[in-house]
Amino acid sequence: MTVLLVFAGSALGAVARYLTDRFVRGRTRATFPWGTLAVNVVGSLLLGCVAGADPAWAASVGTGFCGGLSTYSTFSHETVRLLEDGRHGQALVNVAANLGAGVAAAAVGCLLTR
């Protein structure tokens with residue numbers, strides 16, 4: 001049963017990531033990867049909210065949905081691409097924003113649900 005919960009959650013999370021990224025890209029013309037930053041921060045917030053929750057919720061929302069929604073591998077790829085394009089400042093901001101805001105969002109999520 002847990003495997004099915006993770007599978008269903010990750011499928012929904014992946015669709016939410018795709019739609020969020022397209023929505024954000026459609027509203028900005030900037031080359032900075034705002035869509036990836038948005039899904040990573042939201043995914044971290046949700047993961048903080050379900051940390052310590054019932055195991056079924058942690059599996060479906062935490063592992064499944066948040067795993068499908070957030071994309072730290074894409075964040076890494078986009079950071080390398082910014083470096084290859086010579087946009088070192090944007091690459092540094094991308095790393096600081098994704099890591100700092102992600103950890104802060106997870107902490108806020110934990111605090112909101114305690």
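**Helix packing and selected residues**

Trainee: Is the crossing in which α2 passes α5 left-handed or right-handed?
Mentor: The model under discussion is a predicted one. In this model, the crossing of α2 past α5 is right-handed.

Trainee: How many residues of the contact of α2 with α5 are nonpolar?
Mentor: On the α2 side, the contact residues include T36, L37, N40 and V41. On the α5 side, A97, N98, A101 and G102 are among them. The contact has no charged residues and seven polar ones, and the number of nonpolar residues is ten.

Trainee: At what angle do α1 and α3 pack?
Mentor: Helix α1 spans residues 2-27, and helix α3 spans residues 55-69. The axes of α1 and α3 are 6 Å apart, and the angle is about 35 degrees.

Trainee: Is the crossing of α1 past α3 left-handed or right-handed?
Mentor: The two helices in question pack with their axes 6 Å apart. The crossing in which α1 passes α3 is right-handed.

Trainee: How many charged residues does the contact of α1 with α3 have?
Mentor: The residues of α1 in this contact include L5, V6, G9 and R17, and those of α3 include A59, S60, G64 and F65. By class, the contact of α1 with α3 has nine nonpolar residues and eight polar ones, while the number of charged residues is one.

Trainee: How far apart are the axes of α2 and α4?
Mentor: Helix α4 covers residues 72-84. Helices α2 and α4 pack at an angle of about 150 degrees in a crossing that is left-handed. The separation of their axes is 10 Å.

Trainee: Is T36 buried or exposed?
Mentor: T36 lies in helix α2. Leaving aside neighbours within four places in sequence, T36 is in contact with D21, T71, T74, F75, E78 and N98. Its relative accessibility is 5%, and a value under 20% is needed for the class. T36 therefore counts as buried.

Trainee: At which residues does UniProt place the feature "binding site"?
Mentor: The annotation comes from an unreviewed UniProt entry. The record places the "binding site" feature at G67 and S70.

Trainee: Is S70 buried or exposed?
Mentor: S70 is found in the loop between α3 and α4. Not counting residues up to four places away in sequence, S70 touches R17, V39, N40 and G43. The relative accessibility of S70 is 18%, so S70 counts as buried.

Trainee: Which spans does UniProt list for "transmembrane region", and how far apart are the end C-alpha atoms of residues 95-113?
Mentor: The unreviewed UniProt entry lists residues 32-50, 57-75 and 95-113. Residues 57-75 are 89% helix and 0% strand, with end C-alpha atoms 26 Å apart. Residues 95-113 are 95% helix and 0% strand, and the distance between their end C-alpha atoms is 27 Å.

Trainee: How far apart are the C-alpha atoms of F7 and G68?
Mentor: F7 lies in helix α1. At 59% relative accessibility, F7 counts as exposed. F7 and G68 are 61 residues apart along the chain, and their C-alpha atoms are separated by 9.3 Å.

Trainee: What distance separates A53 and V93, C-alpha to C-alpha?
Mentor: A53 is found in the loop between α2 and α3. With a relative accessibility of 33%, A53 counts as partly exposed. A53 and V93 are 40 residues apart in sequence, and in space their C-alpha separation is 33 Å.

Methods:
Residues are numbered from 1 along each chain as its sequence is written. This is a predicted model: local features need pLDDT of at least 70, side-chain atom pairs count only at pLDDT 80 or more; totals for chains, interfaces and linings use all residues. Side-chain values use heavy atoms; hydrogens and water are left out. A crossing is left-handed if the near helix is turned anticlockwise from the far one by less than a right angle, and right-handed if clockwise. Helices (H or I, at least four residues) and strands (E, at least two) are DSSP runs, numbered from the N terminus. Contact means heavy atoms within 4.5 Å. Ala, Val, Leu, Ile, Met, Phe, Trp, Tyr, Cys and Pro count as nonpolar, Asp, Glu, Lys and Arg as charged, and the others, Gly among them, as polar. UniProt positions are given in the numbering used here, feature names are shortened, and annotations may be inferred rather than shown by experiment. Buried means under 20% relative accessible area, exposed over 50%, partly exposed in between (1.4 Å probe, protein chains only). Axes are lines fitted to C-alpha atoms, for helices over the stretch in contact, and angles run from 0 to 180 degrees between N-to-C directions.
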